[in-house]
Amino acid sequence: MQRPAPGSPIPTTLADATAAALDAYESLAALGEEVEDEWQYVQDLADAWRSRIVDVADARGDEPLPAPRATAIARVCDEIALIEDPHRAIDWLSTFPQVVLVALGERP
Amino acid sequence: MRFQDAAPDARAVVYAGIQADPLVARSTELLADANAEQRLLARAVMNGETVDAAAWRGMFPTLFDASLSTADIERSEAILAASLAVADRGEQVRSQYRGAIVEALTERLLRRGATGSAAVRRERRILFDGVRAEIHPYDVTVETPGSAAAVDCKWGARGISADVLHQLDDARTHAADEDERLVVALVVFDAERSCSVRLERQTAPHEAIRIIGLESLDALAAPLVPAS
């Protein structure tokens, strides 16, 4: 899968932000899948956190996003686009959604 | 049930040097009084790619907002600086620092919650009559007559393995065989949601193991072992 280059666009609504985060997350999960022994864990972990983010999008998707929070989403998407090590990707499959949710004003 | 210092092997000697690094003590001191978001910042930075402080401030705007108190912003800045210093050590070494920090933080918080004659110790084995001793010591123990706790520490939910769960649960059941109470816990510097995901497919016994994730670390400062 083609990984997005750093310099992610700044989202303007919460729906845009969650869509961008989920796109970036798919690429991260694909990288984590390269660790064959953890393939199932990667699927389970990604499913669990994806669902949590989708729930937030469903509930608050129409809300505008203040600039600092929108920038945070773009920057953390940039951060995970730098990851090349599949093991680190697995660690970030847990960390990334937590950072995204905090930026959106949610508890992880 | 008896507690015993683990005999130092080559790994332990190397690791002791990391445990003694002032950076571990500094990070531990800061994280002990941090909130959940500041602890998440530390987790992200210590395993991050960029070492650009401004980029991390951008990812955590609510920790560096000008409307916050100076003390809060200074703590976040200090956590960011310490975490970047860990990240800057290189992949293999930073992994050891992260482990040392989680263990030291666990010890520090457990000391806050220790009551009476409880002794909080590191790297201890637990011996039971007629049972072969485990090779790996427990990261932190809380030792009181008649009731104690054994705690292992992990940086991430991925570190939760069948071996770790079996060792903790075996210790608990051996203690029960001797009519002693042993609370067993796993401290994970990661989200409890990720821990739950990891545990879902584990067949090793874990129902009696207390899992303390990133959001609940302050629970360690309440007595883990009830006063006897």
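The structure is a predicted model, in which local features need pLDDT of at least 70, side-chain atom pairs count only at pLDDT 80 or more, and totals for chains, interfaces and linings use all residues. Residues are numbered from 1 along each chain as its sequence is written, while chains are lettered from A and ligands numbered from 1 in the order in which they are written. The model as a whole scores ipTM 0.93 and pTM 0.94.

Along the principal axes, the C-alpha atoms of chain B fill a box of roughly 60 × 35 × 35 Å. Of the 228 residues in chain B, 41% count as buried. Here a residue is buried if 20 or more other C-beta atoms lie within 10 Å of its own, exposed if 12 or fewer, and partly exposed in between, with C-beta atoms placed from the backbone.

Chain B has eight helices and six strands, where helices (H or I, at least four residues) and strands (E, at least two) are DSSP runs numbered from the N terminus. Read along the sequence, the pattern of chain B is β-α-α-α-α-α-α-β-β-β-α-β-α-β. Strand E1 (residues 2-5) of chain B runs antiparallel to strand E2 (residues 119-127) of chain B, and four bridges join them; two strands pair if DSSP finds at least two bridges between them. Within this pairing, B:Asp5 has B:Arg124 in E2(B) as its bridge partner. E2(B) is also joined by five bridges to strand E3 (residues 138-144) of chain B, again antiparallel, and B:Ala119 is partnered there with B:Glu143 of E3(B).

The domain assignment divides chain B into domain 1 (2-7 + 112-221) and domain 2 (10-98), with bounds that come from an automatic or database domain assignment. The contact between them takes six residues from domain 1 of chain B and six residues from domain 2 of chain B, two residues being in contact if their C-beta atoms, placed from the backbone, lie within 7 Å. The centres of the two domains of chain B, taken over C-alpha atoms, are 25 Å apart.

The two chains also meet. Their contact takes 24 residues from chain A and 25 residues from chain B. On the side of chain A that touches chain B, the elements giving two or more residues are helix H2 (39-60), helix H3 (67-81) and helix H4 (86-103) of chain A. H4(A) supplies the largest share of this side, eight residues. From chain B, helix H8 (residues 192-200) has as its buried residues B:Arg193, B:Ser194, B:Cys195, B:Val197 and B:Arg198. What covers them includes H2 and H4 of chain A, together with strand E5 (181-188) and strand E6 (209-212) of chain B.

A:Ala15 lies in helix H1 (residues 14-32) of chain A and counts as partly exposed because it has 17 C-beta neighbours inside 10 Å. Not counting residues up to four places away in sequence, A:Ala15 touches A:Ala57, A:Gly61 and A:Asp62.
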